[in-house]
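Please find below my notes on the model.

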Amino acid sequence: MSVYEHKPAVAVFHEAHEAGIAAAKLIAELLRAKPNAVLGLATGSTPIGLYAELVRMHREDGLDFSRATFFNLDEYVGLPREHVASFHRFMREHLFDHINAMPDRTFIPNGMAADLQAECRRYEALLREYGPVDLQILGIGVNGHIGFNEPGADLNGDTNIVTLADKTRKDNARFFDNLDAVPTSALTMGIASILRARRILLLAFGEAKREAICKLMSASVSPACPATALRGHDNVALLLDAQAASALDAPACP
Ligand code: GLP
């Protein structure tokens, strides 16, 4: 069996919010069994419903995050933490300001570091010190990126500096005043960093993700579609809505 012969499990939900609730339940189950679990977190619009459900569980069901450790996948280079589109701010607004996570155990790459290569080494060292990640939440880019590992990424890479694809910058421009304001580079956990997680949940919703999901499941494993590298992991589940799953039965990917 080649190293890339694992097929992720697939769960398809009628609505995206149902998938977010299901993912939140899996995280809650893990935290109740292992309060000091290490959670890998993603940004973008996909996990917003998941985070809202975790906040509800904390407020209404007393879900306790105080002993957990959190690692985010990525951050733009050159965005101050307070910038409206920074992932530091995204995580505070959507999760960390509303749960009892310990600030000294929430880690996000520092895109303002003077020495970005040193920051990548620091982040990777933190992952090795506090890891492995017990449960990694992923989204997926329209072009098949995971984290900010763009097409052409080293499938064996650790935390690194990436140049953002034009498609990615355009897709994320909605969070900025205009396209020119979108950074051209970012820090991201590498594919190898991500694959060291014990368990991976990838969420994807909407027609725009159908091609990337189809390729994840059936295209040749290649840096051309970094998400294909997930077939090298034996514990990956895709939580999809019907639109994102709609090409899985097609004879060939769109
Ligand atoms: C960004 C993030 C990825 C995310 C992707 C999809 O590129 N770095 O982690 O998966 O966007 O974003 P969305 O969920 O908004 O489609």
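1. Val10 has Leu238 of S10 as its bridge partner. S1 and strand S10 (residues 236-241) run parallel and share 5 bridges; two strands count as paired if DSSP finds at least two bridges between them. Strands (E, at least two residues) and helices (H or I, at least four) are DSSP runs, numbered from the N terminus.

2. This pair belongs to an open sheet of 7 strands with parallel pairing, in the order S1-S10-S9-S6-S2-S3-S5. Strand S1 (9-13) and strand S5 (106-107) form the edges, each pairing on one side only.

3. The model is predicted: local features need pLDDT of at least 70, side-chain atom pairs count only at pLDDT 80 or more, and totals for chains, interfaces and linings use all residues. Residues are numbered from 1 along each chain as its sequence is written, and side-chain values use heavy atoms, with hydrogens and water left out.

4. Gly131 and Pro132 are joined by a cis peptide bond, with omega about 0°. Pro132 lies in the loop between helix H4 (116-130) and strand S6 (135-138).

5. Which residues are closest to the ligand? They are Thr46, Asp74, His145, Arg174 and Lys209, among 13 residues that surround the ligand (a heavy atom within 4 Å). This shell comprises 8 polar, 3 charged and 2 nonpolar residues; Asp, Glu, Lys and Arg count as charged, Ala, Val, Leu, Ile, Met, Phe, Trp, Tyr, Cys and Pro as nonpolar, and the others, Gly among them, as polar.

6. A polar backbone atom of Ser45 is 2.8 Å from a ligand oxygen atom. For Ile140, a backbone N or O atom lies 3.2 Å from an oxygen atom of the ligand, and for Gly147 such an atom lies 3.2 Å from a ligand nitrogen atom. On its own the ligand has 390 Å² of accessible area, of which the protein covers 94% (Shrake-Rupley method, 1.4 Å probe).

Definitions and conventions: A polar contact is a pair of N or O atoms within 3.5 Å; within protein, one must be able to donate a hydrogen and the other to accept it, and residues adjacent in sequence count only if both atoms are side-chain atoms.
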